[in-house]
Amino acid sequence: MARRADRKVLMKIYRRLYAHFGPRRWWPADTPFEVMVGAILTQNAAWSNAARAIENLKKEKLLSVRKIGKADYGRLSRLIRPSGFYKEKAKKLKNLIKFLNESCQGHIPALDAYRTKILREKLLAIKGVGPETADSILLYALGRPVFVVDTYTKRIFSRHKILTDDATYGQIQRFFMNALTKNTRLFNEYHALIVETGKNYCKKRKPSCKICPLKVVKHKKNMV
Ligand code: SF4
């Protein structure tokens with residue numbers, strides 16, 4: 001019963017956001033590898049800054065597993081500088097390349113051979129890849145039905161008393177994945193819509209509830 005109630009609420013929110021924003025068509029990238037690189041570069045950075053770093057890599061024709069693998073740290077760091085924390089991120093990109101070379105010989109479609117659970121464990125074992133980055137790669141680069149949780153998810157759903165303030169990443173992810181139909185397209189769009197809501201309305205200091213599409217969605221108690 002609880003699951004049915006959760007689904008009803010979550011789908012009501014989804015439909016409201018979809019009607020307001022329309023399809024987000026994420027992730028903005030030409031290839032799965034570009035999504036992976038973007039997922040690392042956007043850590044602690046606005047997407048616009050990560051996108052500038054990706055543009056630099058493209059201009060230098062460096063956006064491939066082989067080329068980033070061969071590039072020296074200095075050059076790579078300089079090119080991704082707009083994304084911030086560029087020295088750490090250069091190392092993380094190299095770690096990603098090592099993982100790809102070891103897991104699929106740099107041929108990303110070969111990752112299809114792994115079950116999602118195993119692939120997630122492998123991604124989380126990469127130094128510098130946490131749950132949000134791993135799940136973004138699984139969902140947006142590899143098309144796996146995995147729900148991505150971020151700061152906006154926690155903020156919006158706790159303000160609506162659907163999540164408690166102290167709910168962990170794992171608890172939140174399980175809540176969404178148990179309640180919703182396991183569907184890549186739905187998870188893709190839902191997360192993108194949450195980000196749009198957080199960026200435009202549900203800001204940290206001053207939420208713009210009066211003009212937000214979720215202003216009428218109210219709940220009496222926490223579900224997680
Ligand atoms: S801005 Fe207000 S109405 Fe909109 S999601 Fe945040 S708390 Fe909810």
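A salt bridge here is a side-chain nitrogen of Lys or Arg within 4 Å of a carboxyl oxygen of Asp or Glu. By that rule the count comes to 7 salt bridges. One of them pairs Glu196 with Arg24, with the closest N and O atoms 3.5 Å apart. This pair ties together distant parts of the chain: Glu196 sits in helix α11 and Arg24 in the loop between α1 (2–21) and α2 (32–41), 172 residues apart. Helices are DSSP runs (H or I, at least four residues), numbered from the N terminus.

The model is predicted, so local features need pLDDT of at least 70 and side-chain atom pairs count only at pLDDT 80 or more, while totals for chains, interfaces and linings use all residues. Residues are numbered from 1 along each chain as its sequence is written, and side-chain values use heavy atoms, with hydrogens and water left out.

Where they touch (heavy atoms within 4.5 Å), domain 1 puts in 10 residues and domain 2 puts in 7. About 680 Å² is buried between domain 1 and domain 2, with carbon and sulfur atoms giving 62% of it; buried area is the accessible area (1.4 Å probe) that two parts lose on being put together, summed over both. Val148, Tyr169 and Asn188 supply 58% of what domain 1 buries against domain 2, more than any other three residues.

What about charges across this boundary? Between domain 1 and domain 2 there are 0 salt bridges. The interface does hold 4 residue pairs in polar contact, both residues being at pLDDT 80 or more. Such a contact is a pair of N or O atoms within 3.5 Å; within protein, one must be able to donate a hydrogen and the other to accept it, and residues adjacent in sequence count only if both atoms are side-chain atoms. On the side of domain 1 that touches domain 2, α10 (169–179) and α11 (184–200) each supply at least two residues, and α11 has the largest share, with 5 residues.

Finally, there is the ligand. The residues around the ligand (a heavy atom within 4 Å) include Ile156, Arg159, His160, Tyr201 and Cys202.
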